[in-house]
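Here is a short briefing on one protein chain. Look at the sequence and the 3D view, then follow the points below.

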Amino acid sequence: MKKEIHPDYHMIKVVMTDGTEYETRSTWGAAGDTMNLDIDPNSHPAWTGGGQHLIDRGGRLSRFKKKYEGLGI
């Protein structure tokens with residue numbers, strides 16, 4: 001491998017939105033820096049599953065339900 005082309009890999013502290021913190025290795029910042037997260041798995045809907053809605057557009061859902069209502073599933 002070529003020398004001096006890779007970023008420095010060092011320990012940083014990560015602080016979650018709820019205040020919990022942990023140490024990990026990263027190329028972000030400098031050794032000993034603290035990364036404060038604005039969004040994390042505890043607060044973002046992509047991880048918590050919040051805000052999911054089943055929308056019936058153009059009656060597709062209604063037609064599907066009517067077509068397969070007799071299967072007893």
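Ser-26 touches Asp-8, Tyr-9, His-10 and Ile-12, leaving out residues up to four places away in sequence. Contact here means heavy atoms within 4.5 Å. This is a predicted model: local features need pLDDT of at least 70, side-chain atom pairs count only at pLDDT 80 or more, and totals for chains, interfaces and linings use all residues. Residues are numbered from 1 along each chain as its sequence is written, and side-chain values use heavy atoms, with hydrogens and water left out.

**Ser-26**

- Ser-26 sits in strand 2, which covers residues 21–26. Strands (E, at least two residues) and helices (H or I, at least four) are DSSP runs, numbered from the N terminus.
- Ser-26 counts as buried because its relative accessibility is 15%. Buried means under 20% relative accessible area, exposed means over 50%, and partly exposed lies in between (1.4 Å probe, protein chains only).
- The side chain of Ser-26 reaches the backbone nitrogen of Trp-28 at 2.9 Å.
- Ser-26 and Asp-8 are 18 residues apart along the chain, and their C-alpha atoms are separated by 8.2 Å.

**His-10**

- His-10 belongs to strand 1, residues 10–15.
- His-10 has 7% relative accessibility, so His-10 counts as buried.
- Which side chain makes a polar contact with the side chain of His-10? It is that of Asp-8, at 3.1 Å. A polar contact is a pair of N or O atoms within 3.5 Å; within protein, one must be able to donate a hydrogen and the other to accept it, and residues adjacent in sequence count only if both atoms are side-chain atoms.
- The side chain of His-10 also reaches the backbone oxygen of Trp-28, at 2.9 Å.
- Leaving aside neighbours within four places in sequence, His-10 is in contact with several residues, including Thr-24, Arg-25, Ser-26 and Trp-28.

**Strands and sheet**

- Strands of a sheet pair through backbone hydrogen bonds, either parallel or antiparallel.
- Strand 1 and strand 2 pair in the antiparallel sense over six bridges. Two strands pair if DSSP finds at least two bridges between them.
- Lys-13 stands opposite Glu-23 in strand 2. Val-15 has Glu-21 of strand 2 as its bridge partner.
- The hairpin of strand 1 and strand 2 has five residues between the strands, and Gly-19 takes a positive phi near 100° there.
- Three strands form an open sheet in the order 2-1-3, with mixed pairing. Strand 2 and strand 3 (34–36) stand at the edges with a single partner strand each, so one side of each has no neighbour in the sheet.

**Aromatic pair**

- How many aromatic pairs does a search of the whole structure find? The search finds one.
- The rings of Phe-64 and Tyr-68 have their centres 4.9 Å apart and their planes at 50°, so this pair is tilted. Rings of Phe, Tyr and Trp (its six-membered ring) pair if their centres lie within 6.5 Å; planes under 30 degrees apart count as stacked, over 60 as edge-to-face and the rest as tilted.
- Tyr-68 counts as partly exposed because its relative accessibility is 39%.

**Whole chain**

- The chain has two helices and three strands. From the N terminus on, the elements run β-β-β-α-α.
- Of the 73 residues of the chain, 10% count as buried.
- Among contacts between residues at least 6 apart in sequence, 8% join residues at least 24 apart.
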